Amino acid sequence: MAETKAKLIKSKDGIVGKVANRKKLVDIEFASGVTVIESGAFAGCTLLETVVFPDGLAEIQNSAFDGCVALKSISLPFSVRIIGGNAFNGCVNLNKVELNDGLEQIGMSAFRNCGAIACMKIPSSVKKVGDWAFFHNTLLTDIDIQCSADASFGYSVFEGCSSIKSVEIPGIDRMGGEMFAQCTCLKNVTIAEGVKIIGQRAFDGCAKLSGLKLPKSIVRIEEQAFDGCLDVKVEGRTMIKFRPHPFDEDQHKSLIEDFENGGCDLANSCGLSPKDTLLVDISILDQGEIADGLYWYDDPEAGFSWCYYWDHQRCAAEGALA
């Protein structure tokens, strides 16, 4: 039986759902007036190679093109605001993706396991990037993140993108957990002024990362953010290190909140300004290389914590141990 080619996909109300004989579609074009492509509309259409989206399209919903393994390229019009979760998940031959200004949200796993994509630009209009959005895109080498400070990035956005060698991170408030974890070729990272928090395991497993310099805007580095990284430098900063308190979670949160609000009594008591300090989870450090700084220390057996300032010369003279 000959394959059916649907040249034009129409809709009376602007919403396109699952169409007849969709599994046989090869080349499709959406008619003018289509504004929404519904969840799962073309999921599993393994013969689908080309899609032309219309001006005026606003939303591509969850799993709309999930598993379209023959799809090779997409160009979204400026009108698209939302790409839903898993929208293009598993499109393994998708090698060209054009996202334009106007896009506001990239859903969870939207381009997960799209192993042929080499370049990706995230426009400045994007406000939210969901968990695993570009997870395990192993041929992705060039990423251009243009987002503004109010953009949020979820968990493992670029995890496993093992061909990325360099990246510039704009001044977003927070880098999500495992954002670049297991990006094993990542060597050069520039973090712009304005970034405040580096999430847990953000660069976990990035063994080639070297010479990283953090901006003065950083106030917190979370657990194991640089686990497996051999050369991470913080220049011109005093590092305040802490361990989460196992018995008093409120006290732990209070310490972090006070510090981020610029009222860290711990730093002030040691003559340090919060502007010149950096809050770091002690678990990211090599325990054999304790740097000078203010420490938040737990004694699980005694059931309490205390803070102290570690100074190599003073502590060596006093016989103190870290």
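**Close-ups of a predicted model**

View 1. Residues are numbered from 1 along each chain as its sequence is written, and side-chain values use heavy atoms, with hydrogens and water left out.

View 2. The whole structure holds 11 aromatic pairs; rings of Phe, Tyr and Trp (its six-membered ring) pair if their centres lie within 6.5 Å, with planes under 30 degrees apart called stacked, over 60 edge-to-face and the rest tilted. In the pair of F53 and F65, the centres are 5.8 Å apart and the planes stand at 90°. F53 lies in the loop between β4 (50-52) and β5 (59-60) and F65 in the loop between β5 and β6 (73-75), so the pair ties together parts that are 12 residues apart in sequence. Strands here are DSSP runs (E, at least two residues), numbered from the N terminus. Both F53 and F65 are buried, meaning under 20% relative accessible area (1.4 Å probe, protein chains only), with exposed over 50% and partly exposed in between.

**View 3. F203 stacks on F226.** These two rings are 5.5 Å apart centre to centre, with 5° between the planes. F203 belongs to the loop between β17 (197-198) and β18 (210-213), and F226 to the loop between β19 (220-221) and β20 (231-233), 23 residues apart. Both F203 and F226 are buried.

**View 4. F180 in the nonpolar core.** The largest nonpolar core has 74 residues, and F65, F88, F111, F180 and F203 touch the most other members. A core of this kind is a set of buried Ala, Val, Leu, Ile, Met, Phe, Trp, Tyr and Cys residues joined through side-chain atoms within 4.5 Å. Leaving aside neighbours within four places in sequence, F180 is in contact (heavy atoms within 4.5 Å) with residues including I143, F158, V167 and F203.

**View 5. N89, tucked into a loop.** N89 sits in the loop between β7 (82-83) and β8 (96-98). Why does N89 count as buried? Because its relative accessibility is 14%. Beyond four places in sequence, N89 touches F65, D66, G67, S109, A110, R112 and N113.

**View 6. A parallel open sheet.** Seven strands line up as β1-β3-β5-β7-β9-β11-β13, with parallel pairing; two strands pair if DSSP finds at least two bridges between them. At the edges, β1 (15-16) and β13 (152-153) each pair on one side only. Two bridges join β11 (residues 128-129) to β13, and V129 stands opposite F153.

**View 7. β14 alongside β16.** Four bridges join these parallel strands, with S166 opposite N188. In β16, V189 and I191 make up the covered face, whereas N188 and T190 are on the uncovered one.

View 8. The chain's mean pLDDT (the predictor's confidence in each residue, from 0 to 100) is 80, and 69% of its residues reach 70 or more. Over residues 243-247 pLDDT stays under 50, and the model has 17 contacts there beyond four places in sequence. Where pLDDT is low, the predicted coordinates should not be read in detail.
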